[in-house]
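Biologist: Could you walk me through this one slowly? I'd like to start with what sits inside.

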Amino acid sequence: MAANPKKRRRMKRSLPLAGALFTAALFALNCVVSLSVLTPKKYELSLGLPAPETIVAPQSVEDTAATEALRQAARSGAAPVYALDKAYAAELTAKAEAFFEAVSAFRSDAADLRAASAPAGGGEDLRSWRSVVRESELSTMLLRLPVRLTDAALGYALLDADESDVASLGRLVVDGLSGSLSQGVSEDTLEKVRRELSYALQITTLPTGLKTVGELVYDAYLQPTYVEDEAASNRAREQAANAVAAVRVARGAEIVKKGETVTESQLRILTALGMVSGVDERGLYGLGIAGFLLLVYLLFFVQLCVFDRETVFSSRRMLMLLLIVGLTLLLAWGCSLLDPRAAPAMLAVLLSAVLLGGRTASLVNLLTALTLGFMAGGGGVAVLGADALGTTVSLLLAGQAAIPLAARNDRRGSLIAAGGVGGGVAAATSLAFAAMRGQHWTDALIGAGIAAVIPLILSVFCVGMLSLWENAFDLATPARLHELLNGNHPLLKKLMLSTPGTYNHSMFTASLAEAAAEQIGANALLARAGGMYHDVGKLKKPQYFKENQTGRNLHDTLPPEESAAAIIAHQRDADALLLRHRVPAAVRTIAREHHGTTLVAYFYVKAKKLYGEDRVQESQYRYPGPRPSSRESAIVMLADSCEAAVRSLGDPSPEEVAEMVKKIFRGKLEDGQLSECPITLQELERVQRSFLVTFGGLMHERIRYPEDRSETKEGQSDG
């Protein structure tokens, strides 16, 4: 049951030389395109010398000097960050408390001096403190206080004051300082807090001297407790700097004019673009690009050999692949002049999915994502930048999202839906990368817009050029098959009007074939189209076929060899007619193979009876073939024979239908008609079950099928 076993063995033994040559041609073209896009033009430039010509930016680049100047200004303008220093507030409060403890000690020392110098007799000491403690001695004692009191009058005031007044002063000053300092005092609010504390002190009934002492304590210990947090301030400065968008020189903008003196800033930009001769010269740059592409194409070729042998061993499919990817590379060359991020990889993916299948498209998607993605960064030092990585991932995900829709499209418009889905995925990927890079939202939206629009435009382009590919390579795409199955197709209209019996037979055969193909995973649309067009050759001589006869049977007056020749000729006539109407080769193959090399049994038996067995050559009554080479051809052959045979039973029971279908299947197998197609016995069983299910609604009166013949009575039936 293996299809073309000799061809398969030959494929296993041979090397895909044509595939290797086509892949090498693509590699060479890709090298030319990539080196052209990624290699910047070099200029002889020096600081302070005139530029030899006007130089424009081949790609967008950051002006690092201007960016850093703006960021430094943002750092300088950032306000410092203040925080409450609780430890410092507690320290100042403690110092105030220590001052009043020192005042108590000062008063105690003075009391000791008074007691030591008291007059004899033990009477009441009515001396003033000025007479007890000399001013020079008082000044020495005041020096031991934490807050210096240089005015002796304030010292005598402290000595003259009642103990309760001094205690009240201490509580008032310490509590006021503690409350204000713990709440936080900044440089801006220092004077305000000072006035508030002073006012609270002045409205008391304390002696004036004590109030003055309190004011001095405030002056000493009322300090800002909101102090600058160096770490937080530095973070704020860096945040302000990072918020400054990078200054970029736009693609196509003039960097320096011809004859203009090259400044340090201009030279730095040109150096970053890799456009200054002798600076950052990378002798292996081109070799590195070629080496990368060689690895990619070797991987691509190996994957073709392993996963898609049908393509790599087919010169026609490889030629299509060469043209699809080559066209995409040339388009990428043009797009790079507008914006390196506008990579047209979706063109190759969609065309491959429709024309070559989803498996090939997946490999092409990987190829184009790797080869076009890294070109998005632009030439020079940016070749492996964030733009290249983001575009590569975006192309890869967008292509994989679009392939399932494009590969299973039933209408040309579904390609646009595939492009839209791919564009949406590309845009989402672009935004994700922009967020990770901290890109400005305007740049992020522009990148996402490019990623979304390009696949959609390319999908429309694919729809417009799809017919060119179909006709140039004679392809049976789903969209083209749907057009063939349209009732307005000229051949179907002629078949319906000129041979209504054949048209009905073809419709029923197509229904049987389509349902069975779906059951075994074959191309159901192709099987249906093959069923509809397999008998169009009967248009040339419709009266030779019973389903189109309205009177006597023409074969009653003809010798059997002429009848057989007329019947057999409808297969050749169908091929010529289908070719004239530009029906795809896949459908023509089904029409050419649907009888294989079967025997026109009715006229063969008739000839033997008429001429004798020894005088009749069996080959004269067999179809010339070829036998079915695909599962779709085999299904149409079986559907054609079973439909004709079952309808010839008249009004059969389900058991009779099942027995007839089984007989047809067994006859085709025993006659070797299915020996060259890749259909298995298990698949044949599923096809047989599918036929029995479909026959429920397709039976109508037909002349009785002859029990002793393995082939339908061609002159008397639809077969």
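Biologist: Which residues touch the most other members in the largest nonpolar core?

Modeller: In this predicted model, Leu321, Val325, Leu350, Leu351, Leu355 and Leu372 touch the most other members of the largest nonpolar core, which has 61 residues. A nonpolar core here is a set of buried Ala, Val, Leu, Ile, Met, Phe, Trp, Tyr and Cys residues joined through side-chain atoms within 4.5 Å, and buried means under 20% relative accessible area, with exposed over 50% and partly exposed in between, using a 1.4 Å probe and protein chains only.

Biologist: And which helix gives the largest share of this core?

Modeller: That is α16, which supplies ten residues; helices are DSSP runs of H or I with at least four residues, numbered from the N terminus. Several helices each supply at least two residues, among them α2 (17-38), α13 (285-307) and α20.

Biologist: What is leucine 351 in contact with, leaving aside its neighbours within four places in sequence?

Modeller: With those neighbours set aside, leucine 351 is in contact with Ile324, Leu356, Cys462, Met465 and Trp469, where contact means heavy atoms within 4.5 Å.

Biologist: Before we move on, what should I know about the numbering and the cut-offs?

Modeller: Residues are numbered from 1 along each chain as its sequence is written, and side-chain values use heavy atoms, with hydrogens and water left out. As the model is predicted, local features need pLDDT of at least 70 and side-chain atom pairs count only at pLDDT 80 or more, while totals for chains, interfaces and linings use all residues.

Biologist: New topic: is threonine 477 buried or exposed?

Modeller: Threonine 477 is buried, because its relative accessible area is 2%. Threonine 477 lies in the loop between α20 (441-473) and α21 (478-484), and, apart from neighbours within four places in sequence, threonine 477 is in contact with Val354, Leu355 and Glu470.

Biologist: How many aromatic pairs does the count come to?

Modeller: The count comes to six aromatic pairs, where rings of Phe, Tyr and Trp (its six-membered ring) pair if their centres lie within 6.5 Å, and planes under 30 degrees apart count as stacked, over 60 as edge-to-face and the rest as tilted. One of them joins tyrosine 602 and phenylalanine 603, edge-to-face, at 5.1 Å centre to centre and 90 degrees between the planes.

Biologist: Why is the pair of phenylalanine 665 and phenylalanine 691 called edge-to-face?

Modeller: The planes of those two rings are at 70 degrees, so the pair is edge-to-face, and the centres are 5.7 Å apart. The pair links distant parts of the chain, with phenylalanine 665 in helix α29 and phenylalanine 691 in helix α30, 26 residues apart.
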